[in-house]
Amino acid sequence: MEMKEKNEKITALLGWSLQAIEAIDKLNRPYVVVGPPEFKPFADNNGILFVPWQFNVPIEHSVELYEQLKELNTKVAIPIYEETVEWAGMLNSLIWENPKVFNKSLLLRDKSLMKRRAHLAGLRVGVFEEAFTKENIKHFLKRMNEALLNTDEENFEPIHVKPFDKAGTVGHRMISKYEEIEEIDDSEFPLLMESHLEGQEFSCEAFVHNGKVKFLNITEYVKLGHSNFVPASPTLEQWRPQIRATIEKLVEAFEVTHGILHPEFFLTPDGTIYFGEVAARIPGGHIFEHIERVYGFSPYQGQVLCSDPDTTEEELNAFFPEEVVSAKGHSGNLMVYPKVKSINKLNIPTELKEHPYFLKHNMFIPTTAKVAERVGYGNHYGSIYFFGEDSKEMRSLLEEYEKHNFYL
Amino acid sequence: MTTITRERKTSTTRRKTPVARKKASAKQSPLEVKFEVALQTLNAAKPFAKSLYQTDVYQLANELASTPEGMPILFNYAHQFDEAGVFLGGEWEDPTKLQPPFVGGSLRLRGIYSIVELLSEMRILAIAKGTYKHESISGEEASAFLNEVIALNLDLLISTDSTDDNIEIEEHLLRAHNLFTYLGQELSFSAIADKMVQEIERMTVQRPIITRRIIELIETSQELIGNDIEDQSVFALEKYLRATDAPTPLSTEATDHRDYRLKLDQASEEVLATEAKLFADSMAETGLVSPYHAVLIRFLNRKYEYILPTSLDLTEIGISSFTDNKGLIHDIIQLAIYPETRQAIYGLSRMLNRGDLQIEAALRQLFELPVHAHVKGALSNFVNEENGISVNGILVAGVVSVLGQPLGIGQGQNAICQSARAISLWAQFNVEKLFDMITHAARDNNIEMSFEGELINSNLLIDGVASNINQDLDPVSIILVPHLDKIYNEMMKRTLLRGEDGHKWVNREFYGEWIPSGFINVIDPLTLKVTNYTSFVKLFYATHHPDYNEGHNMLYPNPVGIFLTNVHGELLGLHAVSIQRIEKDQNGECRIYFYNPNNDSTQNWGQDIKASVSGFGELEGESSLPFHEFVSRMYAYHYNPYEQGDTYMVEGAVVEKVEMLAKNSWGKNYVWA
């Protein structure tokens, strides 16, 4: 046993996530967690091999981290959070002596670059430009509407802006008035601007190994940032072949060989798929929990296995179940944001608790009554989980309770 | 693949459990099933991952605890809580560290902490009932813990049915109510009532000026009387209830204060004398005063002055001070004794019994003193304005209380032990200085004190030791403490660079010149190490212990610094108390009798060091400890270098005993040089 520990190469998780740690721990493979120094005492107390690291330093420091990880016989670095994607890229470049790995990871960290790359690869994208000043945004808003033959300033078609390198919905704004541009802080630039896309929004979680998609989950969004469920409804799943083809194109375009991809798309009623953006990290919105609940495998473990080039084909085939048909039902959740400034009471309807689809919720009256301001979709104050057979019922539940005031 | 194994594991355990607990499984509610699964998932998780699964358990426990039927379900699983990791990583993890006085606060929080607290009580109940064997808590200890928790929080037990339908009870309070009802069923009300009586006795025997907390306890204890509790407890509780309400035949009949006053008009002098005697007895026995007592005294003051001494429970000394100061007493009652300030009757009684009061001029000055608007504001919070008592009346009532109960001054929940101790010392030994300060503070909202020849004015200072002083203080403290606190802080600041503990100079200037000039602190202020502990102990024995100090008795209290420690002997912080006297008790053991401004003098300091407030000849407001136990908690004291015995006469074994206690408690937080 001791010999094995000494010889076996280890996996590095970049970022502190108990779920990820628990998952890799259950895989019975040696690992090290790289995370903020404040977790060191906890890691030590629990026998978790830990390297303290601040990821908010320039990437040039990665050599120092690499030296430490090399000492530990690390064979692969796996990013947990958006901010650690390029760190994983750099470390894997150094470990595998392949500089391109890092460059590829940068594509995934810059929304404007990623859009260009997708566009080049022939994916459908909205109209987009980069903004460095408020003037740029004004110009884009105006020109977009001119292109749509809309000169009615009061009723401009909206555009979207988002920072190049923020996760998910952080810093995302929808703009249809000049005044709204003024609210943007100068520190938020540069921004990516894009035309508004109509259609059904969804995300994919693609587990890629050796450049091949080994498992593809489709997550149906009911309301962006609020509710989603897995697997998608039959209406959306009927487009799976087309979606899979798009994902494969994406994998090829971004030259992804190992790991997970978490892209977001829009599907128009006629079946056209528009590319929104893509990340190479664990998705938010409890998507991994849903996958685990319906398919019975741990997506965190899936990520680890796919990130490791040494994982065999047989191992992966045994690990991943059949898509959609093997799902035990639909798993969905609603993230709850207080609609009040100060919380005094929880208001959870009995009908909700008695609904057969209701699994659990984790809402408590917070210790500080004052509600924090939202950044992006910000911190939700708890989630409600549902599980059931019928995707229509799931969708209507999520829509219905989205309107409910859980916090009074 | 691993996940699949885990799934299988979970399902096997699930199958097993119903066999183990046949009874419950027959009619498990869906909620119970969910709770059981959540608890098992938590149990299966590795320690580092427990926090991922604790929330689900809390959430479902929350749901269960919101109905009375859920409580026994929670109890069925309570013996597994520790093992499953329900409390892992939080303040509730180690049940031996929990203390009953903190439970109520947590249960009254909204949100998650109140739920964890509730689960912790269920765990302790499991220990008490023997379904869970804990290695360091016995069943008796667990029961005692819960009895105390209930005694301290009886208001949470009060029936929710009787309240107005329109007022919705908040969820967390409803849960707490369910918990206490369940605990009440499972434990004996009799033990709770007994604990309750002890708690009230413990607090009243110290005779604090501010009795709000005691009265709250007495009021909530009423709830217990209907239950199956021992006659002895009922008798004691009823005694306290009467003392704060109607302890006499006439007051029992009266519907309100007005009605009582009308009845007094009709009563014969014999009846009045009986009333007076009964009020006085009740007050003497409990230290608590009935509002009707104030009505009687105001009545007697106008018509039957000769019965006043009886109603005030005066001793011979008291009667002679009464006779010498009739005019003054008459005016004090007229101005300051109202049902709202009834507690000052006790103060008046004790003040007169102290005798030798040369205060007429000073006190009369307060009758009509123009009071600063700021002070007026602070004092008017003290009582309702309905009965026409003036601000000066409140002030005088406060002064009477302080003079009558100098050891009843409390610091409330404020970090103002220095100031409270100062007021107490002056009320005993420098009444003139006290009056002077009260006058200045009330009129000018300023106090002036000199430090090494330089004047310090409190109104020019910003910072004090205590950041926020709440109002749970007596009127004199309300007026003086904000100033004293700032001045004390300023004096300490001026000694910061002297390389020695500033108390050496500050105490004499602040409290009074009668504080001896010798001073010693165990902590070297430069190295912050415990230095020369042996000589610290020997010197204290040689200057204070009657067997070693060549008969130099203490004339004035000694303000000393102590390390406050909790029940586990762990250091909580520094605290100021004063040693009142040092004497041998009835068993011949030498004890230190001291005044503790925190009014909670029976705190358990760990290592079996428990200050007592009665049973060893303690006077009202005094606490006492065996000499060596007290010394083991001290870090600084004053001494008179001209009145001491020889330190070499103190045996090494005596020092060792003290040093062991010190090293194994607060001493762990310091380096010993």
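The centres of domain 3 and domain 4 of chain A, taken over C-alpha atoms, sit 25 Å apart. This is a predicted model, in which local features need pLDDT of at least 70, side-chain atom pairs count only at pLDDT 80 or more, and totals for chains, interfaces and linings use all residues. Residues are numbered from 1 along each chain as its sequence is written, while chains are lettered from A and ligands numbered from 1 in the order in which they are written.

Chain A is split into domain 1 (2–107), domain 2 (128–195), domain 3 (198–326) and domain 4 (332–402), with bounds that come from an automatic or database domain assignment. Where domain 3 of chain A meets domain 4 of chain A, 12 residues of domain 3 are in contact with 13 residues of domain 4; being in contact means that the C-beta atoms of two residues, placed from the backbone, lie within 7 Å. Strand 10 (212–223), strand 11 (227–230) and helix 12 (287–295) of chain A each put at least two residues into the domain 3 side, and strand 11 of chain A gives the most, with 3 residues. Helices (H or I, at least four residues) and strands (E, at least two) are DSSP runs, numbered from the N terminus. Sorted by class, that domain 3 side has 3 nonpolar, 7 polar and 2 charged residues. Here Ala, Val, Leu, Ile, Met, Phe, Trp, Tyr, Cys and Pro count as nonpolar, Asp, Glu, Lys and Arg as charged, and the others, Gly among them, as polar.

Next come the two chains together. Their contact takes 23 residues from chain A and 18 residues from chain B. On the chain A side, helix 2 (18–26), helix 14 (313–319) and strand 15 (358–361) give two or more residues each, and helix 2 of chain A gives the most, with 6 residues. This side of chain A divides into 11 nonpolar, 8 polar and 4 charged residues.

Chain B has its own division, into domain 1 (14–187), domain 2 (314–494) and domain 3 (518–669). The centres of domain 2 and domain 3 of chain B are 29 Å apart, again taken over C-alpha atoms. Their contact takes 13 residues from domain 2 of chain B and 14 residues from domain 3 of chain B.

Helix 26 (residues 431–444) of chain B is worth a look. With 14 residues, helix 26 reaches 20 Å from its first C-alpha to its last, close to the 20 Å expected at 1.5 Å a residue; the expected span is 1.5 Å times one less than the number of residues. B:Leu434, B:Met437, B:Ile438, B:Ala441 and B:Ala442 are buried in helix 26 of chain B. A residue is buried if 20 or more other C-beta atoms lie within 10 Å of its own, exposed if 12 or fewer, and partly exposed in between, with C-beta atoms placed from the backbone.
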